[in-house]
Every structure is written in structure tokens, then in C-alpha cells.
Amino acid sequence: MRLIIPQRLQRLQRLKAQTMTTDYRYGLNSKFGKGYCPVCGRKSLVPYIDRRTGELLPEEFGRCDHQTSCGHILSPYTKGTDGNSYSDFIFQQEREQWKQDNGHSQQRHRPTFDRKPFVAPEPRPAVLQTIPADVHERSLTAYDSNNFAYLLRSQLGIGAANELVERYRLGTYRADYELSIKDGEQFVQRNFGKGGTIFWCLDAEGKAYGGQGVLFNDNGSTVKFKNSKGEEDRCNRPIAYLTKRFLKDRKKPIPEWLEVYETTEDRFPYPFGLNLIATAPKELPIALCESPKTAMLAAGYFPKMVWMAIWSLSYLNKARLESLRRRNIVLFPDCSKNGKAFEAWKQKADELNGKGFRITVSDFLEKNTTTEQKAKGYDLADFLLSEYRGYPPSWDSKPGDSPGIELIQSPTAEEWATTLGIDAEKVLRPVQLQFVG
């Protein structure tokens with residue numbers, strides 16, 4: 001017996017099948033590139049696309065790739081403050097337009113109500129967790145095995161280096177594990193054998209909210225190694241990751257504070273060096289660069305500015321700079337082959353100045369680096385290390401000595417001219433240097 005299905009029922013079945021197999025109208029799509037996350041500030045926001053039109057949705061809609069550390073997501077199906085979602089708003093707009101296009105009278109249908117434009121909910125504040133003070137304090141030692149502390153001493157002298165290490169609360173962590181370390185063009189398996197450097201993320205009161213652990217070579221460059229995927233990587237990791245790895249390798253239990261800390265949504269909520277703000281003279285401008293290494297080196301050479309670092313190119317945002325709103329800020333972006341880094345921070349500075357900040361952008365590196373240096377992505381630290389070859393160890397006194405210091409009058413241009421047998425106008429006068437420490 002042949003079962004005859006009414007035509008209307010067949011249409012309903014086809015419609016149901018299509019509905020079950022058809023994706024939502026709005027979906028995530030990263031082929032258009034990623035935007036900046038409004039919560040963590042990283043360039044990790046995957047945008048939503050309208051699959052029907054192929055167009056991107058407004059920039060506030062997206063999902064942060066860092067779901068563990070950030071977790072931000074704003075979907076077009078999220079209900080706004082008026083109880084409607086972006087999807088509801090677009091549907092209603094198109095429905096009304098269809099009625100108008102097809103000559104339907106409003107009176108022939110149930111009454112409609114004026115809807116307010118969709119208002120996206122405010123992003124929830126990031127949940128922050130601190131690192132216990134004793135964990136932070138225990139790292140403030142073992143500088144003899146810390147290659148970055150050694151670099152500071154070789155460049156600035158023991159006195160100035162020790163003062164910077166104390167001021168910025170530089171830390172050291174154990175790095176006695178084997179790595180496939182890059183040596184020239186080859187990778188060699190060996191034990192690093194020295195301590196790594198911790199750049200702590202401190203608030204204005206000195207509480208630790210995070211830290212960046214970095215392994216440096218003897219020359220001050222970051223150690224490169226081959227990761228589990230066989231790719232070249234840099235020894236640069238959050239301190240929470242390094243702590244957990246250290247404990248797991250030794251089969252020790254994970255402390256409660258670390259389990260709680262892993263729920264934090266922003267592990268670098270403040271600029272590196274923000275703890276200096278309490279004692280820094282208000283007339284001194286804030287110099288802001290990308291890398292903590294750069295900030296500490298520059299602080300030794302240019303003491304008339306308060307040097308801080310923002311951790312990453314994309315971390316420059318209103319939330320992280322809020323504590324510096326009333327200070328004059330000078331940005332020192334890294335070099336890039338096509339000037340993208342400079343332009344990105346210039347645009348960000350213009351945006352923040354419109355919100356009450358006082359920010360200027362230095363073009364020092366753009367004007368004073370070569371094409372080759374720009375291609376390598378030089379930062380101010382690279383420039384200083386290439387221009388200044390170091391501080392002679394003989395300038396420091398040996399332990400226990402009391403050196404005799406005598407001030408002498410510098411020769412005048414005329415005295416130099418007489419000694420050298422040239423015109424006084426051709427004598428190049430030295431620029432006075434000030435050493436701190």
C-alpha cells in the first residue's frame with residue numbers, strides 16, 4: 001500500500017530538515033583578521049560575520065582566543081540591556097522593511113512597537129588575583145646567576161645596576177632544566193644551568209599580579225629553543241606557567257594559591273614599573289616602551305624619565321594606563337620594517353588623548369635606526385647595546401676599598417686647541433654624562 005503524503009506536509013518536512021541542518025545566521029570567522037579584545041587588550045578577538053550577507057558585524061561582537069586567561073565573548077545573540085539581542089534587532093528591522101516593500105498595511109497586523117537600537121552590555125570587569133607576597137619576595141635573590149642582572153652590571157656598573165634591580169624588584173627563578181637551545185644556526189641539547197629573570201607586574205602599592213619569566217644569554221638576548229612542535233620559540237613565559245611546570249617536573253603538589261591564580265583573567269593588568277609611581281617626582285614624564293628589559297636599561301641611561309613597559313605592542317589601552325592618566329607620557333615604540341609599530345601606537349595615542357590622557361610618541365628610533373635595524377625590529381635596548389659597549393669593570397672599586405675621588409677642571413676649548421695644534425672652533429666639546437648609582 002502506497003502512503004500518500006499531503007503536499008503541505010511534504011513542504012513542512014523539507015523546511016524542518018533545512019532548519020535542522022542550517023547553521024545560525026551569525027558565526028565566528030577569523031579570515032578577516034582579529035581585533036583587540038576590550039577586556040585583556042590583546043589582538044585576539046575573533047569577529048562575527050553575517051553568513052547571509054558576508055559582512056562583518058560591528059567590532060564589539062567577537063570572542064577572545066584566550067579563553068583560559070581572558071574568556072571574553074559578546075555574541076550577536078546575547079541579550080542587551082533592553083532585553084533584545086543584536087539578532088532580534090536586525091530581524092525586526094528586516095521584517096518591517098519587508099512589510100513596507102510588499103505593501104502590507106500596519107493596521108492589518110498586530111500592533112508593532114518602536115524598538116530602541118541594540119545596546120551591547122558592558123564588558124564585565126576582569127577578575128584579578130594576586131601572587132602571594134612570600135612567593136614574590138623569595139625571588140629577589142640569586143643575582144649572580146641572573147644573566148640580565150649581569151648585563152646591567154656590565155653596561156652601567158655595579159652600583160647603578162644594583163639600584164635598578166632593587167627599584168624594579170627584579171626576580172630570579174631556577175632554570176636548571178635541559179633545552180634544545182639555538183647555538184648559531186643549530187640547536188644543541190644542554191642544561192641552561194643558570195637562573196632566569198622575572199619581571200614582576202606590580203601595582204602602585206607593590207603587590208604582584210603576574211610576572212614574565214625570561215631566559216637571557218650572556219649577551220643579553222633572549223634564549224631561543226626548539227619547542228615540542230619542532231618550531232623555534234623564545235624562552236619567555238608567564239611565571240605561573242613556569243612555577244606549575246617546575247612543581248610538576250618534581251612531582252610536587254600544586255599549591256592552592258596557584259590553582260586560584262589560574263582563574264585570573266588578566267595576568268598583566270598594570271605596566272611594568274608602576275610601583276615607581278608612588279615615589280617618582282611628579283614633574284618627571286613617564287617613558288613607556290614595550291619590553292621590561294628595555295625599560296630597565298633605558299632607566300640607567302636616561303634617569304630624567306620614569307621608565308615603564310607595557311609588556312606587548314597590543315597591550316597599550318585605557319585600562320592599563322588609568323593609573324598614569326594625570327602624568328605626561330612619552331611612548332617609545334619598537335622599530336618595524338614598514339613602520340607599523342610606530343603607526344599603531346600613534347593611532348592609539350590619539351585615541352587615548354581624546355579620553356583625557358596626555359601622550360606623545362617619540363620618533364627617536366624611526367629617525368636614528370638603519371633600514372637593516374628596522375627590519376630586525378630593533379627596540380631602544382638593542383640600540384643602546386649597539387651604541388654603548390659597556391661599563392669598564394675597573395671603574396668600580398673592589399670590595400673593601402675606599403677609592404679616592406678627585407674633581408679636576410675640564411680643559412677649555414682653547415687649551416685643547418693649543419695641545420692639538422688646531423683652531424679652537426674645530427674642537428668638539430664633550431657632552432656631560434650623568435651616571436646614576
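The legends below describe close-up views of a predicted model.

**View A. Surroundings of Ser 75.** Ser 75 sits in the loop that runs between β5 (73-74) and α2 (86-101). Its relative accessible area is 13%, so Ser 75 is buried, the cut-off being under 20%. The side chain of Ser 75 reaches the backbone nitrogen of Tyr 77, at 3.0 Å. Leaving aside residues up to four places away in sequence, Ser 75 touches Tyr 48 and Phe 61.

**View B. Cys 64 and Cys 335.** Cys 64 has a relative accessibility of 0% and therefore counts as buried. Cys 335 is also buried, because its relative accessibility is 5%. The count of disulfides in the model is zero, a disulfide being a pair of cysteine sulfur atoms within 2.5 Å.

**View C. Length of helix α10.** Helix α10 covers residues 340-353, which is 14 residues.

**View D. Buried and exposed residues of helix α10.** The buried residues in α10 are Ala 341, Phe 342, Trp 345, Ala 349 and Leu 352. Viewed down the axis of α10, its buried residues fall within an arc of 95°, and they therefore line one face of the helix. Lys 340 and Gln 347, on the other side of α10, are exposed.

**View E. Elements covering helix α10.** Among the elements that cover the buried residues of α10 are the strands β14 (286-289), β16 (328-331) and β17 (358-361). The cover also includes the helices α9 (318-321) and α11 (364-368).

Conventions:
Residues are numbered from 1 along each chain as its sequence is written. This is a predicted model: local features need pLDDT of at least 70, side-chain atom pairs count only at pLDDT 80 or more; totals for chains, interfaces and linings use all residues. Side-chain values use heavy atoms; hydrogens and water are left out. Helices (H or I, at least four residues) and strands (E, at least two) are DSSP runs, numbered from the N terminus. Buried means under 20% relative accessible area, exposed over 50%, partly exposed in between (1.4 Å probe, protein chains only). A polar contact is a pair of N or O atoms within 3.5 Å; within protein, one must be able to donate a hydrogen and the other to accept it, and residues adjacent in sequence count only if both atoms are side-chain atoms. Contact means heavy atoms within 4.5 Å. The expected span of a helix is 1.5 Å times one less than its number of residues. The arc is that of the directions from the helix axis to the C-beta atoms.
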